[in-house]
Amino acid sequence: MKLNLQLFAVPFRRTSKTKKRMRRTHLKKEVGAIVVCPKCGAALRPHRACAKCGFYKNEDVLHIKKEEEN
Ligand SMILES: [Zn+2]
């Protein structure tokens, strides 16, 4: 397939590195919400049971066995 490029809108000049980077400063992934576990203080996502201690709403829902420290 052969395209006649004169039919398309063509950028007048190449976008500079700086202009490209300035535009892309807004293209970044947002960090999701993070809350602190009231039981053990670990950082976790809201409305989820804590992976460290297994507690959610002051209730042990995962029943994670505690590793004994030496
Ligand atoms: Zn916890």
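Helices, in what follows, are DSSP runs of H or I with at least four residues, and strands are DSSP runs of E with at least two, numbered from the N terminus. Read along the sequence on that basis, the chain follows the pattern α-β-β-β-β.

A word on conventions. Residues are numbered from 1 along each chain as its sequence is written. The model is a predicted one, in which local features need a pLDDT of at least 70, side-chain atom pairs count only at pLDDT 80 or more, and totals for chains, interfaces and linings use all residues.

Let me turn to confidence. The term pLDDT denotes the predictor's confidence in each residue, from 0 to 100. The chain has a mean pLDDT of 84, and 86% of its residues reach 70 or more. Confidence is highest in helix α1, residues 17–24, at a mean of 96, and lowest in strand β4, residues 59–60, at 82.

Next, burial and contacts across the chain. A residue is called buried if 20 or more other C-beta atoms lie within 10 Å of its own, exposed if 12 or fewer do, and partly exposed in between, with C-beta atoms placed from the backbone. The chain has 70 residues, of which 1% count as buried. Two residues are in contact if their C-beta atoms, again placed from the backbone, lie within 7 Å. Among contacts between residues at least 6 apart in sequence, 0% join residues at least 24 apart.

Is Leu-44 exposed or partly exposed? Leu-44 is partly exposed, because 17 other C-beta atoms lie within 10 Å. Leaving aside residues up to four places away in sequence, Leu-44 touches Val-35, Cys-37, Cys-50 and Ala-51. A C-alpha separation of 5.6 Å relates Leu-44 to Ile-34, although the two are ten residues apart along the chain.

Ile-34 itself is found in the loop between α1 and β1, the latter being residues 35–36. Ile-34 counts as exposed because it has 9 C-beta neighbours inside 10 Å. With residues up to four places away in sequence not counted, Ile-34 touches Ala-43 and Arg-45. The C-alpha atoms of Ile-34 and Pro-46, twelve residues apart along the chain, are separated by 6.4 Å.

Which residues does Pro-46 touch, not counting residues up to four places away in sequence? They are Ala-33 and Val-35. Between the C-alpha atoms of Pro-46 and Val-35, eleven residues apart along the chain, the separation is 5.9 Å.

Finally, two backbone angles. His-47 is placed in the loop between β2 and β3, where β3 comprises residues 55–56. Phi of His-47 is near 65°, a positive value in a residue other than glycine. His-47 counts as exposed, because 9 C-beta neighbours lie inside 10 Å. Lys-57 has its place in the loop between β3 and β4. Here phi is near 55°, and Lys-57 too is a residue other than glycine with a positive value. Since 8 C-beta neighbours lie inside 10 Å, Lys-57 counts as exposed.
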